[in-house]
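Student: I have a new structure to look at. Can you walk me through it?

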Amino acid sequence: MTHPHKIAVENQRSQLAALLDAWGNGPQRRHFCCLESLPARSAEYCALPAELDQRLVEALRSRGITQLYRHQAEAYRAVQAGNHVVIATPTASGKTLCYSLPVFQRLLNEPRATALYLFPTKALARDQVSEARALANAALGQEASVGQPQAEIGVVVYDGDTPVDQRRVARRRARILATNPDMLHTGILPHHPAWSSFLAGLRYVVIDELHVYRGVFGSHVAHVLRRLDRIARFYGAAPITICSSATIANPDQLAERLIGQRVVCLRESGAPSGPRHFWVYNPPLVDRALGLRQNYIKSTCELTEDLIAAEIDSLVFCRTRLAVEVMVRQLRDRLAAALPADRPAELVHQMVRGYRGGYLPARRRAVESGLKAGQTQAVVTTSALELGIDIGNIDAVVLAGWPGSRAAAWQRAGRAGRRLNPSLALLVASSAATDQFVAEHSDYLFGQQPEHARIDPDNASILVPQIKCAAYELPFARQETYGELGAEETAEVLDCLADAQQLHRDGDAFHFVGDAFPAAGVSLRGPAAENFLVVRTDNDAAPSGSQGQIIAEVDYDDAPQELHDHAIYQLEGQQFEVLRLDHDNHKAFVRRVDVDYYTDALTQTRIRVLRTDQQHPRTAAANLGEIHLETRVTGFKKIKHHTHENVGFGDVVQPERQMHTSALWVSVPGTQVALVDATFAEIAEAALGMSRTLHTAATLLLMGDGGDIGRAIGDARADWFPVVSRGQLAVSEPLDGQQFSPTVFLYDRFPGGIGLAERLFEDRLLLVARAKTLLERCGCERGCPACIGPGGSGRAKPTALLLLRYLQLALAS
């Protein structure tokens, strides 16, 4: 008798093969510009470690695990030898077991041992806890049969949603504590005496999704981990850190900078995988002269409909929340139109679901359950499902537009093929220049390694407040080291804080002075603002005596664009018109409507100089100062579903969002620009490319993340400068007799600044030199995502290089 699983695998293989054959030989074939296939990989096994606790052995066997993949065995041996470890094998290679084995082996045999699991999000922590609890229950259920003494392994989630009574239980009984960096920072470390028993037994710290910890956020988390290690050692513990990472270029370097220790890095996977197909679809041209193609959302819907018809479970990744909602609506409409009359319409709603930030927890859990149970065939999502939340077996991933990096593309593609089945990753390119570059240059995706992830814990604006947090938790001794700082460097920082009366110097000890613990005022992810609630006010939706029903929430930063007056707020195919946006109380009041269009906000972001603090000697080619950034929604477009045509506009009157921050700005002298043999349009295009190259060089120089640094460009004569958005630049041509002086702003995307602009000003010569070298060494002809950006004219790259040379000369004078 043939095993049912084997039949299912064969069915799935034939379904995907049939669909790929239809695409490859049908009228769509000419639009598939890249057809890459990765062969299946067989497993490399190792025996279970001989010393493994018999309860754990039996628990694994009950789950069908009788041997380990090679990298799992290597990770176990490395941890048992006392090494800090980072596992950087592909998605679905069994990384969870890499840290579960050593943790459970220790906890089963050392009654007071504990482990801390650190996840970047609350949703991921709660998802992974269920796996840990299942393994704990399976292991403890074997005690009677193997004659072992009674053990107890409490697995607890501790985050902002944990009720008060469960928090008390966590402090007393948790053996495995799952939390996130923010809760560790403010809810555990400042109150460590209440956690003394847990911290004294701390043997392992598990850091999942290591690649998320980059830039300013990662730099802050590095200090949180240093503070954790310092407190653990105070209680007599010396925990080993085990990290797991998605595919990035430098997992070992990132892990070592994050935890401040040498690590053993495991990159080679012993897990098997089925054959993988990675295809790129470039929608048909609708205007060859302008290079415009069929709307990529429409193309994605057509291809996803084919996957659903072939009964291939799929994830569709979108770049924006708006795209998620538009695609859910349009997919359901297309499927409903093809549904037989005797099939209920609710079936379509279950077949296609949305998943994004802003959904309430109950809705997110329902979507996850539907996928696991096989009731849902396609989920349209943002990056919210990029991380390792368990959603069952997915056979195809569709990327609706280039996700921004090779690392993100491969991370999302890896969500398909979590069994030995064949799998598909399909990238649908938009008309954007970067998408078209990737579609035309497959070597950019397949021939180059993923991007690096970088942090800079030594940034003074991050280091100093974190040392204050550490001093609150435990006084510093003068000869004490901190992280990668030696005793002398640490003492220098402590003396500065003492001189500023933020610490009290008592002989050779430094104590925190103040009423409140400083961690409460240090945000790891930037300013934390309260989300906006979306409140439905229809009479049939509001509970009796209430002001309405809360149906969703929207991030503070996105609320003006998504919840302005008369916006159509979409929620899994349902449409709601915004009646009023209450800025003071962070609420948007909506009512259910049924219209054939959606809205897209028109925004304007610009900056102006408030104050110049420092200037390059003898020239204004480089400046450091304070800027004012202003963002406002000016109106909105009404866009018809399915055809994507504009059917109307509306005005929006609401307060602008303002921010003061620090910036570096550099200007190419107009006298030099006048020597360039090019039209104004060509120079403006080159200046935009130069700004992108400088932004890339700044990210590398600061060892940070590009999202931490904003970019604006304009003419030095202007009062306001537009922030670069979607690769577009609006600069007015100078009047006769005036000279164009391209000015590039690089600013901290954090209120008040966090020292990034100051460092760039100090290293301004190096910044420009690195940008120039980056451009000179890039092998592309006309520009690419690694230098000035794609889609430029033939003169953009050499002209941008010439502008950088002129800027370098101005700074050298």
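Student: Let's start with strands E5 and E7. How many bridges join strand E5 to strand E7?
Tutor: Four bridges join them. E5 covers residues 114-118 and E7 covers residues 174-179, and the two run parallel. Keep in mind that this is a predicted model.

Student: Which residue in E7 is the bridge partner of Ala 115?
Tutor: Ile 176 is the bridge partner of Ala 115.

Student: What is the strand order of the open sheet?
Tutor: The order is E6-E7-E5-E8-E9-E4-E10. That makes seven strands, with parallel pairing. Strand E6 (154-157) and strand E10 (263-266) are the edge strands, each pairing on one side only.

Student: By how much are neighbouring strands of this sheet turned against each other on average?
Tutor: By 15° on average, with direction ignored.

Student: Now helices. Where does helix H7 lie?
Tutor: H7, residues 164-173, lies across E6 and E7. Helix H7 runs at about 125° to E7.

Student: And which strands does helix H11 touch?
Tutor: H11 (residues 251-259) packs on the sheet and touches strand E4 (84-87), strand E8 (202-207), strand E9 (240-244) and E10. The direction of H11 makes about 150° with that of E10.

Student: Let me pick a residue in E4. Is His 84 buried or exposed?
Tutor: His 84, which is found in strand E4, is buried. Its relative accessible area is 15%, and buried means under 20%.

Student: What does the side chain of His 84 reach?
Tutor: It reaches the backbone nitrogen of Thr 241, at 3.0 Å. Beyond four places in sequence, His 84 is in contact with residues including Pro 239, Ile 240, Ile 259 and Val 264.

Student: Switching topic. Which residues touch the most other members in the largest nonpolar core?
Tutor: Tyr 117, Ile 153, Ile 176, Leu 315, Leu 694 and Leu 767 do, in a core of 125 residues. Helix H23 (residues 680-702) gives the largest share of this core, 12 residues. Apart from it lies another core of 40 residues, among them Leu 116 and Ala 255.

Student: What is Ile 153 in contact with, leaving aside neighbours within four places in sequence?
Tutor: Its contacts include Phe 104, Leu 140, Arg 175 and Ile 176.

Student: Last one. Where does pLDDT stay under 50?
Tutor: Over residues 1-9, which have three contacts beyond four places in sequence in the model. Where pLDDT is low, the predicted coordinates should not be read in detail. The protein chain averages a pLDDT of 89, and 93% of the residues score at least 70.

Methods:
Residues are numbered from 1 along each chain as its sequence is written. This is a predicted model: local features need pLDDT of at least 70, side-chain atom pairs count only at pLDDT 80 or more; totals for chains, interfaces and linings use all residues. Side-chain values use heavy atoms; hydrogens and water are left out. pLDDT is the predictor's confidence in each residue, from 0 to 100. Contact means heavy atoms within 4.5 Å. A nonpolar core is a set of buried Ala, Val, Leu, Ile, Met, Phe, Trp, Tyr and Cys residues joined through side-chain atoms within 4.5 Å. Buried means under 20% relative accessible area, exposed over 50%, partly exposed in between (1.4 Å probe, protein chains only). Two strands pair if DSSP finds at least two bridges between them. Axes are lines fitted to C-alpha atoms, for helices over the stretch in contact, and angles run from 0 to 180 degrees between N-to-C directions. A polar contact is a pair of N or O atoms within 3.5 Å; within protein, one must be able to donate a hydrogen and the other to accept it, and residues adjacent in sequence count only if both atoms are side-chain atoms.
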